[in-house]
Amino acid sequence: MREPMVWRSGGTKIVRPVLQALSLCALLTAAVTPVQAQSDEAVTYAVPATKAVSSLLLDVTHAGKRLVAVGERGHVLYSDDGGANWTQAKVPTRQMLTAVFFVDEQHGWAVGHDALIFASSDGGVTWSKQFDDLQREAPLLDVWFKDPQHGFATGAYGALLETTDGGSTWEDVSDRLDNEDTYHLNAIASVPGAGLFIVGEMGSLFRSTDDGATWETLDVPYQGSLFGVIASGEPSGLLVYGLRGHLFRSADGGDSWQQVALTTASGGTLEFGLANAATLGDGSIVVVGHGGSVLKSTDHGHSFSVFNRPDRISLAGVTAGADGKLVLVGQGGVRLTSETGANPGQQ
């Protein structure tokens with residue numbers, strides 16, 4: 001077995017669409033079957049790549065103090081020094097990975113194209129395949145777990161999968177949603193005091209108050225695609241965001257909504273798509289997206305400052321770094337920035 005390879009953040013930009021995972025080519029099929037464990041000889045692993053840290057990455061999160069990022073060609077990278085150096089994990093795929101979630105410092109899941117689901121029990125160092133469905137020819141786009149046993153994965157063409165045994169088996173529960181048009185389900189998140197929420201294309205929004213057993217459809221004053229949802233930090237408060245800078249805030253668990261104005265430094269209205277968000281240690285919220293957009297709120301999403309990075313790279317993921325810094329991923333891989341999203345020395 002080859003030893004892990006370690007690289008420093010930065011490097012050559014690889015220009016590819018950050019939301020490439022949403023370019024889909026086939027309808028999902030109804031049949032879903034568990035994947036049996038394969039021998040190591042039968043598995044095709046992601047190729048160790050010296051420039052993996054500067055390749056397209058679509059999500060980043062924390063596994064305890066460790067950072068874990070996922071992206072193209074089955075790349076999973078982890079960092080134990082706040083993002084300065086990254087090690088490529090051992091992953092049995094070369095397909096695009098679109099999202100990653102850790103329920104604690106050891107147990108995490110990643111999802112991707114071909115309806116792939118992978119699990120790690122060692123903080124992201126090694127991964128095993130739990131599920132795939134090649135016939136779907138479409139990606140899973142997000143994953144969330146309540147605890148190490150109970151979780152959901154969402155994806156293209158209305159896919160909603162559930163496990164109650166840590167991923168040993170996955171069940172297709174897409175019919176729990178009123179989604180006859182099989183709109184893509186782009187993200188899932190929990191909001192304290194309000195329940196579970198799923199957002200998707202054409203303004204799709206679903207809420208569950210019983211851990212995903214049943215779902216109701218909610219109305220949002222926007223019919224374009226929504227790419228993410230995050231708790232605002234206030235009781236029953238949440239934010240949803242999507243295409244062309246649309247961001248909405250609810251203070252009552254999704255029953256009513258107010259659009260949040262996003263004004264650029266030049267006084268115009270932000271019109272770049274918003275792809276991902278994270279809550280920082282001090283409770284502030286950061287949202288990132290196309291055009292190098294980095295939005296920050298210190299008042300639970302009532303208002304946001306807007307910064308557009310001079311490089312205008314498309315950003316797909318964000319999480320908290322050390323010493324108040326941000327860890328951004330997207331085109332060109334990982335970037336460590338100030339709390340506003342600017343590179344060191346920039347304003």
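User: Which residues are linked with Arg136 in a network of salt bridges?

Analyst: In this predicted model, Asp133 and Asp172 join Arg136 in a network of salt bridges.

User: And how many salt bridges does the structure hold?

Analyst: The structure holds 14 salt bridges, and one of them brings together the side chains of Asp80 and Arg66, with 2.7 Å from N to O.

User: Where do Asp80 and Arg66 lie?

Analyst: Asp80 is in the loop between β4 (76-79) and β5 (85-88), while Arg66 belongs to strand β3 (residues 66-71), so the pair ties together parts that are 14 residues apart in sequence.

User: Are those two buried or exposed, Asp80 and Arg66?

Analyst: Asp80 counts as exposed because its relative accessibility is 54%, and the cut-off for exposed is over 50%. Arg66, in contrast, counts as buried, because its 18% relative accessibility falls under 20%.

User: What does Lys129 form a salt bridge with?

Analyst: Lys129 forms a salt bridge with Asp132, and the closest N and O atoms of the two are 3.1 Å apart. Lys129 is partly exposed at a relative accessible area of 23%, whereas Asp132, with 17%, is buried.

User: OK, and which residue does Lys296 pair with?

Analyst: Lys296 forms a salt bridge with Glu339, where the closest N and O atoms are 3.6 Å apart. This pair links distant parts of the chain, since Lys296 sits in strand β24 (residues 293-297) and Glu339 in the segment after β28 (333-337), 43 residues apart. Lys296 counts as buried at 15% relative accessibility, and Glu339 is partly exposed, with a relative accessible area of 45%.

User: Changing topic, what volume does the largest pocket have?

Analyst: The volume of the largest pocket is about 1000 Å³. The pocket is lined by 41 residues, and the closest to its centre are Asp59, Asp142, Val229, Asn276 and Ala277.

User: What does that lining have by class?

Analyst: The lining of the largest pocket has 29 nonpolar residues, 10 polar ones and two charged ones.

User: Which strands each supply at least two residues of the lining?

Analyst: The strands that each supply at least two residues of the lining are β2 (57-63), β6 (97-102), β10 (140-145), β14, β18 (226-231), β22 (274-279) and β26 (315-320).

User: Let's take β10, then. What order do the strands have in the open sheet with β10?

Analyst: That open sheet has four strands in the order β10-β11-β12-β13, with antiparallel pairing. β10 and β13 stand at the edges with a single partner strand each, so one side of each is left without a neighbour in the sheet.

User: How many bridges pair β10 with β11?

Analyst: β10 pairs with strand β11 (residues 151-155) over five bridges, in the antiparallel sense, and Phe145 stands opposite Gly151 in β11.

User: What about β18, which strands are in an open sheet with β18?

Analyst: β18 belongs to an open sheet of four strands, ordered β18-β19-β20-β21 and paired in the antiparallel sense. Its edges are β18 and β21 (258-259), each having a single partner strand, so each has one side left without a neighbour in the sheet. Strand β20 (residues 247-250) meets β21 over two bridges, and Arg249 stands opposite Gln258 in β21.

User: Now β26. Why is β26 described as largely enclosed?

Analyst: Six of the six residues of β26 are buried, so β26 is largely enclosed by the rest of the structure.

User: Which strand do five bridges join to β26?

Analyst: Strand β27 (residues 326-330) is joined to β26 by five bridges, and the two run antiparallel. Gly317 stands opposite Val329 in β27. β26 and β27 form a hairpin with five residues between them, and Asp323 in the turn has a positive phi of about 55 degrees.

User: Last one, His184: where does His184 lie, and is His184 buried or exposed?

Analyst: His184 lies in the loop between β13 (171-172) and β14 (185-191), and His184 is buried, with a relative accessible area of 12%. The side chain of His184 reaches the backbone nitrogen of Tyr157 at 2.9 Å.

How values were computed: Residues numbered from 1 in each chain as written. Predicted model: local features only at pLDDT ≥ 70, side-chain atom pairs only at ≥ 80, totals over all residues. Heavy atoms only, no water. Buried < 20%, exposed > 50% of the residue type's maximum accessible area, 1.4 Å probe, protein only. Polar contact = N/O pair within 3.5 Å; in protein donor to acceptor, adjacent residues only side chain to side chain. 1 Å grid on protein atoms, 1.4 Å probe; cavity = no way out; pocket = protein on both sides within 12 Å on 5 of 7 lines; lining within 4 Å. Points joined across faces, edges and corners; volume = space filled by probe spheres on them. Nonpolar A, V, L, I, M, F, W, Y, C, P; charged D, E, K, R; others polar. Pairing = 2+ DSSP bridges. Salt bridge = Lys/Arg side-chain N within 4 Å of Asp/Glu carboxyl O.
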